Amino acid sequence: PTSSLEKALQLQEQTRQARHLLELTDEFGFHGAVDLQPLADQALHQMTLEAPSILAIRNTLILSRNARRSFLDKAEQAPDLADIAYNLSDGHGLIDLINKTINDRGEVLDSASPTLEQIRSELKITHARLMDRMNRFLSDPNSSRMLQEALITQRGGRYVLPLKAEYKGQIKSIIHDQSSSGATLFIEPIAVLELNNKFRQLELDERDEIMRVLHLLSAEIAQHAETLRHTSQSMAELDLI
């Protein structure tokens, strides 16, 4: 409601144009969009956005780009709405940049940086070597008989074997945990200690590199903070109409 006749007529005209567009097609809508303003503000304050948040920005920008194109294509039928749609972002290269960095599951891609690609390559090789060494304990009759079951598990981020408590000390190892009953000890054989160390360090390197990539991407998003704010405001205005 408004006490201004001019404003009331403008709002009614916007509604008329919106009804007309919806009679022509159902392609106008912002289902799935998120409010970009708080995310833009976080990036502007040098916060590192998490991958799912960055993915939400990408998805919203795709909606914005598509809506902008649709409204401008129908500018003759709905000039007032097209005027508002001019403030919608066309992606400004962010969509492509995010696509090159994060997949649809919100995971940072190997190709996001040469360093990350190298770390993950080393991770795969180290993991394969580690599993091969651990599996030797499972297949060797001398050691397998001491295990509660033929199982490789993890404790504290390190790969371990479930040793029967009565065989404590029979395999040179480090004890990381024991079962609640005390019947099972979770041991890390000395023979895999170095590989476990390398694998754990590579995991930490991977985490740090992912954070670095996301920080750089967040900084790029911050460069478009004002545009993202205007986009959300315009999307909300058009959605209301």
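In what order do the elements of the protein chain run from the N terminus on? They go α-α-α-α-α-α-α-β-β-β-β-α-α.

## The overall picture

This is a predicted model, where local features need pLDDT of at least 70, side-chain atom pairs count only at pLDDT 80 or more, and totals for chains, interfaces and linings use all residues. Residues are numbered from 1 along each chain as its sequence is written, and side-chain values use heavy atoms, with hydrogens and water left out.

Counting up the secondary structure, you get 9 helices and 4 strands. Both are DSSP runs numbered from the N terminus: helices are H or I with at least four residues, strands are E with at least two.

The C-alpha trace spans about 90 × 35 × 30 Å along its principal axes. The protein chain has a radius of gyration of 28 Å, while a compact globule of 241 residues would have one near 18 Å. (That radius is taken over C-alpha atoms, and the globule rule is 2.2 Å times the number of residues to the power 0.38.)

## The sheet

The 4 strands make an open sheet in the order S1-S2-S4-S3, with antiparallel pairing. Two strands pair if DSSP finds at least two bridges between them. At the edges sit S1 (153–155) and S3, each pairing on one side only. From one strand to the next, the twist averages 50°.

Now look at S3 (residues 173–178) and S4 (residues 184–189), which pair over 5 bridges. Ile175 has Ile187 in S4 as its bridge partner, and Asp177 stands opposite Phe186 in S4. The two strands form a hairpin with 5 residues between them, and Gly182 in the turn has a positive phi of about 85°.

## Helices on the sheet

Which strands does helix H8 (residues 193–222) touch as it packs on the sheet? H8 touches S2, S3 and S4, and its direction makes about 140° with that of S2. Contact here means heavy atoms within 4.5 Å. Angles run from 0 to 180 degrees between N-to-C directions, using axes fitted to C-alpha atoms, for helices over the stretch in contact.

## The largest pocket

A pocket is an open set of points on a 1 Å grid over the protein atoms alone, where a 1.4 Å probe fits, with protein on both sides within 12 Å along at least five of seven lines; lining residues have an atom within 4 Å of a point. The largest pocket is lined by 13 residues, and Ala18, Leu22, Phe28, Leu238 and Ile241 lie nearest its centre. Helix H1 gives the largest share of the lining, 5 residues.
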